[in-house]
Amino acid sequence: FMMLQPGGNIPVAIIDGVTYNQSNDIMYGLEENFPDHESLVPTDAQQRMKAQELLRLERQIFSAWMYWLTTGDGAGGRLQQGFVSVL
């Protein structure tokens, strides 16, 4: 597993021989490789741009939180302040 995801985080998916290790990448990989299903993302261009904007925001918030959580910065530390500033 660590060879697929060196950070040890989940999720990880292998789709058609390609390894995806970020949830957004997995979603778009599924979209590309399985086009005959109901879309996971909006098909309207404007709504798709909004969805991508929200997904980037989610990734930014999650990354700041996970970094703070897993590095042992402690309450009130620099990483907690970084997480709060993202919010």
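Ala, Val, Leu, Ile, Met, Phe, Trp, Tyr, Cys and Pro are counted here as nonpolar, Asp, Glu, Lys and Arg as charged, and the others, Gly among them, as polar. The model is predicted, with local features requiring pLDDT of at least 70 and side-chain atom pairs pLDDT 80 or more, whereas totals for chains, interfaces and linings use all residues. Residues are numbered from 1 along each chain as its sequence is written, and side-chain values use heavy atoms, without hydrogens and water.

The lining of the largest pocket divides into four nonpolar, six polar and two charged residues. A pocket is an open set of points on a 1 Å grid over the protein atoms alone, where a 1.4 Å probe fits, with protein on both sides within 12 Å along at least five of seven lines; lining residues have an atom within 4 Å of a point. The space in the largest pocket amounts to about 190 Å³, a volume being the space filled by probe spheres set on the points. Its lining consists of Q5, N9, I10, P11, N21, Q22, S23, E58, R59, F62, S63 and M66. Helix α2 supplies the largest share, five residues; helices are DSSP runs (H or I, at least four residues) numbered from the N terminus.

Helix α1 (residues 23–33) packs against α2 at about 150°, with the axes 10 Å apart. Axes are lines fitted to C-alpha atoms over the stretch in contact, and angles run from 0 to 180 degrees between N-to-C directions. The two helices are therefore roughly antiparallel, a term applied to angles over 145 degrees. Contact (heavy atoms within 4.5 Å) involves S23, N24, M27 and Y28 of α1 and R48, Q52, L55, E58 and R59 of α2. These residues comprise three nonpolar, three polar and three charged.

The axes of α2 (residues 45–71) and α3 (residues 78–86) come within 9 Å and cross at roughly 165°, so α2 is roughly antiparallel to α3. Here the contact joins Q60, I61, A64, W65, Y67, W68 and T71 of α2 to L79, Q80, F83 and V86 of α3. Eight of the contact residues are nonpolar, three are polar and none is charged.

Definitions and conventions. Parallel < 35°, antiparallel > 145°, perpendicular 65-115°, else oblique.
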